[in-house]
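Please look through the sequence and the model shown here before reading the report that follows. The sections begin with a single residue and its surroundings and then widen to other parts of the chain.

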Amino acid sequence: MGEGKTGEGKGRILPSSFKVPAAAPRAAARLRHHGLLASFLGLVLAPTLASGLYLFAIAEDQYTSTVGFSVRTEEMGSALDLLGGLSSFGLTGGGSASDSDILYQFIQSQELVQRINERIDLRAIYSKPGFDPVFSFDPDGGIEDLVDYWKDMVRISYDSTTGLIELRVHAFTPEDAQAVAQGILDESNRMINDLSAIARADATRYAREELDNAVERLRVQRVAMTEFRSRTQIVDPSADIQAQMGLLNTLQQQLASASIDLNLLRQTTQPSDPRIAQNERRIGVIEELIQREREKFGLGGGTGTGASTYSTMIAEFERLTVDLDFAEKAYIAALTNHDAAIAEAQRMSRYLATYVRPTLAQQSLYPQRGLLTLMIGGFALMLWAIGMLIYYSVRDRR
């Protein structure tokens, strides 16, 4: 045991338990292999061929019209800025990112689709192919269906850093594509003009309200001053006071002169001289007049109502004068602010700058039949490969 036989012509010893393995059987196709081929034909080749047949034989040609624009805001110095030294001298252009964002959303909105549909019948334009259920629009569809279809036929390219918007509008004829692109351009321009009008109204509304309040205040104060002058019959109490003070000074001078004459008569004539009595009466009349004038100003120490009435009148006039002066200054300030707001609103003008007018296509570039066929075939092949990997993975685990 343990010893092997010596082979003839050989220099080695084979063990007694050695057996030559049987030959492998010929490979043959099984049921799963036929299923694999059938799934490839049904899930990859058939959809690819059907898609290619539809795209090349049935699908209608599509033409595109390109249009590009941007929202611009021009700022130009006004005359008020030149007078105030605030102008930067020149014309400055800049894009408004917020306006461009609004316009970007507006182009995809139902409102724009409705406006253009009222202008040119979009249902008739996009349902022109006799039989193209994939790319044409069902004319019986609602506005929501039309908006969804619109997003497929109007491709938007928007650069938020520069504010440039470029559209590629698809249709089944070059003229229809250009008409739709022109409609989008016109409606976008209209929307930007509406935004400008709203911005101007907002910029001047508060200034206008302030000006209206100032005008009303000035009117009330002027009416009050007019009523005061009509009631007192005095145009300017300050001038009246100056006249009264001049009269008082004159009376005091006359009183001094009469007193001097009386003293001279007493020294040079007899006490019974009638001129002495006459001068005494004259001095009494002057003193009475001076007392009356002082009572008007509250300087005589009297308790009559004349001084109180005149002082009250002067105080009322001074109050009305202060209120009127304040109302006039407030009106001037409000008017200046209103004019500045209007100038600012006018120079901040938005407009739609079109750098590519709606183009008219000369040949059909869409649908991209070869690319779509390859994409459908590649996507079907990927799904089929993933399915086969999952199948064999589950099978190997059994």
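## The surroundings of F69

In this predicted model, F69 touches L103, I107, G163, L164, I165, L167, L185, S188, L352, A353, T354 and Y355, where residues up to four places away in sequence are left out of the list.

## Nonpolar cores

F69 also belongs to the largest nonpolar core, which has 33 residues, and F69, L103, Y126, W150 and I184 are the ones with the most contacts inside this core. At least two residues of the core are supplied by each of β3 (63–76), α3 (97–107), α4, α5 (122–126), α6 (143–153), β6 (164–171) and α7. The largest share, seven residues, comes from α7. As a general background, nonpolar side chains tend to be buried together in soluble globular proteins.

Another core lies apart from this one and has ten residues, among them A258, L262, I276 and I283.

Two packed helices are described by the angle between their axes and the distance between the axes. For helix α4 (residues 110–119) and helix α7 (residues 174–232), the axes come within 10 Å and cross at roughly 125°, and the two helices are therefore oblique to each other. Their crossing is right-handed. On the α4 side the contact is made by L112, R115, I116 and R119, while α7 contributes V180, Q182, G183, I184, D186, E187 and R190. Sorted by class, the residues of this contact are four nonpolar, two polar and five charged.

The axes of α4 and α6 also come within 10 Å, and they cross at roughly 100°, which makes α4 roughly perpendicular to α6. Here Q110, L112, V113, Q114, I116 and N117 of α4 meet I143, L146, V147 and W150 of α6. This contact has seven nonpolar and three polar residues, with no charged residues.

## The chain as a whole

The secondary structure of the protein chain comes to eleven helices and seven strands, and of its 398 residues, 30% count as buried. Among contacts in the chain with a separation of 6 or more, 77% are accounted for by residues 24 or more positions apart.

## A cis peptide bond

Most peptide bonds are trans. What is the peptide bond from Y366 to P367, cis or trans? The bond from Y366 to P367 is cis, with omega near -5°, and P367 is found in the loop between β7 (349–356) and α11 (369–397).

Methods
Residues numbered from 1 in each chain as written. Predicted model: local features only at pLDDT ≥ 70, side-chain atom pairs only at ≥ 80, totals over all residues. Heavy atoms only, no water. Axes fitted to C-alpha atoms, helices over the stretch in contact; angles between N-to-C directions. Helix = DSSP H or I, 4+ residues; strand = E, 2+ residues; numbered from the N terminus. Parallel < 35°, antiparallel > 145°, perpendicular 65-115°, else oblique. Left-handed = near helix turned anticlockwise from the far one by under 90°. Contact = heavy atoms within 4.5 Å. Nonpolar A, V, L, I, M, F, W, Y, C, P; charged D, E, K, R; others polar. Core = buried A, V, L, I, M, F, W, Y, C linked by side-chain atoms within 4.5 Å. Buried < 20%, exposed > 50% of the residue type's maximum accessible area, 1.4 Å probe, protein only.
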